[in-house]
Amino acid sequence: MLKVIAAFVLYTTGNAMFVAAGKKRKFAPTSRNSAERVSVRRTWNNDTHGPTSMDTIKRYYVLGQENARERQYRAALDCYNRAIAISINDESVDKEAKIYEARAHVLYKLREFTRAMDDAKEAIAIDSNSAAGYTQMAGILAATGKRRDALAVLERGLATVDKGAPGYAHMETLRVSVARQLDPSAVVDLQAKTTDPAVYLPSDLVILILRSLDIRTLVVCRAVSRRWLALVDNTPVLWSRPSFTLATAATRLAQQLPAYKKLQKWIKQSSSGRIPDKIIRFVFQRARGSLVSATVPENSLVSNRTLDFLLAQKRPCLRQIDIYRVAEIGPDMLSQMLNGWCVPKHLAELRLPYCANIDNSAISTIVRCAPGIRVLDISGCHSVRVKHMFKAWSSVLLDAHDSTNIEHLYMNDHPGIPDLLVYSTRYCHFAKLRSLHIAIYDQRVFSMFSSIAPLVDYLRRNQASRTQSSGAPFPQLEELNVDGIWDIPVSSLRFGSTVLCNLVFQCRIFAEGLRRLSAVESPGMDRGQLVEALWSCLPTLQRLHLTKATNIDTQLLVDFAFSHQGILPLASLDLSGCVGIGPQGLYALISCCTNLVYVNLSGTAVDNRVMCLFTQMVSAPCTPGPEVLVLDTTDISGVAVRDFAAACIKRYRLVRSDPHAKQAWKLRILDIDNCANVGSDAVAVVRELLSLMGTQVLAAVPV
């Protein structure tokens with residue numbers, strides 16, 4: 001009985017303290033359990049008062065800070081009310097300005113400006129050196145449209161608060177921002193005294209510059225100063241499109257020449273490895289409700305805690321979801337993302353490559369919840385059946401001739417590539433495709449193909465049943481990636497994989513307006529098939545990557561050059577490993593391509609005549625000029641390379657001296673490794689000439 005009476009007395013005492021604080025008892029759910037909250041680290045001033053009251057105030061203050069960081073503002077307000085009530089009822093405990101500052105911040109977040117203003121004034125009355133109190137008062141006045149009053153409060157605070165006090169720099173930055181909004185000429189005197197670009201540059205320009213940075217650089221910017229920390233953390237738009245890859249010159253060049261292994265090696269060496277799980281969670285916390293692109297990079301470790309955190313918050317502005325190789329992503333979690341996490345009608349890009357748990361039910365969820373997506377990536381999702389995908393889209397489309405809104409489809413390393421090609425000849429669900437990626441990088445995929453013979457019979461019956469020949473299944477296609485299709489291992493020949501090579505041409509996926517064609521690792525491509533593929537699309541091709549195609553000969557390129565008289569629009573050319581092409585064929589093709597910028601001819605029969613063509617391109621001011629030239633293991637001589645380097649440095653000096661030049665040109669990479677006719681003296685001269693423009697010269701002279 002005595003225990004019951006004591007418990008009742010303690011309960012009524014706690015309620016009385018809440019009534020004294022002017023706030024009713026109200027509990028809010030928190031994300032951490034009570035046992036973890038009790039064992040929190042206590043940090044406070046060194047002065048101590050009552051052993052019981054002060055410890056309780058400390059505990060409530062720390063709990064309130066944690067709730068505020070997790071944006072549980074009602075729970076934080078509850079803790080601050082408890083701490084203030086104890087300090088009011090216990091005369092032996094002095095009032096702390098920190099608690100009133102913290103409660104003013106929470107009330108400001110809850111849009112209770114009147115109560116927040118009272119707490120900010122109380123904090124200043126307790127401690128005249130409270131920079132946070134003046135900052136909160138100015139923020140409340142600015143939020144209510146009283147910017148001149150906010151400026152007066154900040155100026156009074158700058159005159160009262162010591163310069164070394166915490167928050168003084170932020171108060172000065174806020175004064176500059178408010179003064180700039182009222183009168184742009186009012187901050188000229190401050191701009192002349194500082195070299196901080198966050199002060200003397202317009203805020204919109206600073207944010208625009210910071211938005212172009214990747215996450216690693218953005219985190220480094222937070223450590224510059226308190227002003228930069230406040231700027232970066234309080235601007236959610238900087239975190240709305242997180243980029244975890246460092247955008248360097250090597251990464252941009254690797255996109256133009258993906259088969260150039262040396263560039264890929266440099267990128268792997270410069271990458272920092274796996275991205276910690278806490279970094280990804282930190283980025284999504286800073287983005288808040290303005291997240292536009294939810295990206296989980298490939299080299300990252302994602303825990304269930306991060307995924308639960310993502311699912312627990314609404315993302316109304318989300319346009320893009322990129323999740324690479326995350327095993328936890330399955331149909332159920334994908335359904336939660338599309339139904340409760342974002343607005344499905346606004347979702348435009350969905351990339352789930354190599355997520356093992358994505359299956360047919362996930363495709364049904366995508367079709368039902370986000371029918372307007374434009375980019376779909378299901379590369380390596382072996383559990384997805386293409387036949388089910390066509391059925392799912394047929395259920396929402398009115399007719400078989402209707403098309404979806406998908407413009408970019410990625411199905412690399414997918415066993416359903418033959419089904420996609422054959423079914424697309426009858427159903428026009430993907431007629432709006434502009435880019436199609438059906439590359440095979442993992443040769444084990446060939447063994448996953450089901451029997452292709454029924455698909456061939458289906459295609460034959462479908463073509464025979466039509467009275468007139470139908471057009472291409474993808475008439476608007478501009479980019480096609482078929483890497484590895486013609487690189488079939490011997491162990492996969494028994495699965496009928498060679499029939500896939502014929503299906504690619506029988507389905508007529510090489511459209512006339514094709515701009516970018518990639519067929520890397522194609523030793524099994526037939527000469528007749530190559531003629532059929534390139535004859536119609538060569539006049540519009542801007543990028544042609546055709547490596548290790550041993551069946552290409554000199555006569556074929558000569559015929560192409562003479563049949564398409566004039567200038568071909570090729571800007572990126574990769575014919576590395578095509579040993580069947582002679583110098584005459586390369587000369588005939590390159591003489592028609594005056595706009596070449598990225599060239600990889602390693603392992604081919606390039607001689608001095610072809611090298612003279614590149615020298616003429618550099619000397620002509622009306623041509624773009626090559627920026628990457630890979631001539632590894634060719635027959636060029638040292639004299640031709642020296643002449644080319646001299647022409648490059650001459651053009652570089654002319655471009656730098658011309659004030660009306662549109663863009664600065666320079667040769668970025670020159671690869672002349674293993675060229676037997678290029679001696680060490682020629683390499684030394686070339687390196688000395690090209691050192692002015694910072695060209696990376698790769699030259700290992702063979703012994």
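Colleague: Which residue's side chain meets that of R516 in a salt bridge?

Modeller: This is a predicted model, in which local features need pLDDT of at least 70 and side-chain atom pairs count only at pLDDT 80 or more, while totals for chains, interfaces and linings use all residues. Residues are numbered from 1 along each chain as its sequence is written, and side-chain values use heavy atoms, with hydrogens and water left out. A salt bridge is a side-chain nitrogen of Lys or Arg within 4 Å of a carboxyl oxygen of Asp or Glu. Here the partner of R516 is E479, at 3.4 Å from N to O. R516 belongs to strand 8 (residues 516–519) and E479 to strand 7 (residues 479–481), so the pair ties together parts that are 37 residues apart in sequence.

Colleague: How should I read the words helix and strand, and how many of each does the protein chain have?

Modeller: Both are DSSP runs numbered from the N terminus, a helix being H or I over at least four residues and a strand being E over at least two. The secondary structure of this protein chain comes to 30 helices and 14 strands.

Colleague: Is E479 buried or exposed?

Modeller: Buried means under 20% relative accessible area, exposed means over 50%, and partly exposed lies in between, with a 1.4 Å probe and protein chains only. E479 counts as buried because its relative accessibility is 18%, whereas R516, at 23%, counts as partly exposed. Salt bridges that share partners also join K262, D632, D671 and D673 into one network. Of the 703 residues of the protein chain, 49% count as buried.

Colleague: How many salt bridges does the count come to?

Modeller: The count comes to 17. One of the pairs is R103 with D119, whose closest N and O atoms are 2.7 Å apart. That pair links distant parts of the chain, with R103 in helix 5 (residues 97–109) and D119 in helix 6 (residues 113–126), 16 residues apart. R103 and D119 are both buried. Another salt bridge joins R351 to E349, with 3.5 Å between the closest N and O atoms. R351 is buried because its relative accessible area is 15%, while E349 counts as partly exposed because its relative accessibility is 22%.

Colleague: Which residues does D322 touch, leaving out those up to four places away in sequence?

Modeller: Contact means heavy atoms within 4.5 Å. With that exclusion, D322 touches A294, T295, V296 and R351. D322 lies in strand 2 (residues 320–323) and counts as buried because its relative accessibility is 7%. Across the protein chain, residues 24 or more positions apart account for 77% of the contacts with a separation of 6 or more.

Colleague: What is the nearest side chain of opposite charge to D419?

Modeller: Lys and Arg count as positive and Asp and Glu as negative, while His and the chain ends are not counted. For D419, that nearest side chain is R385, 7.5 Å away, and D419 is buried yet has no salt bridge. D419 lies in helix 22 (residues 417–424), where it touches V386 and L455, not counting residues up to four places away in sequence.
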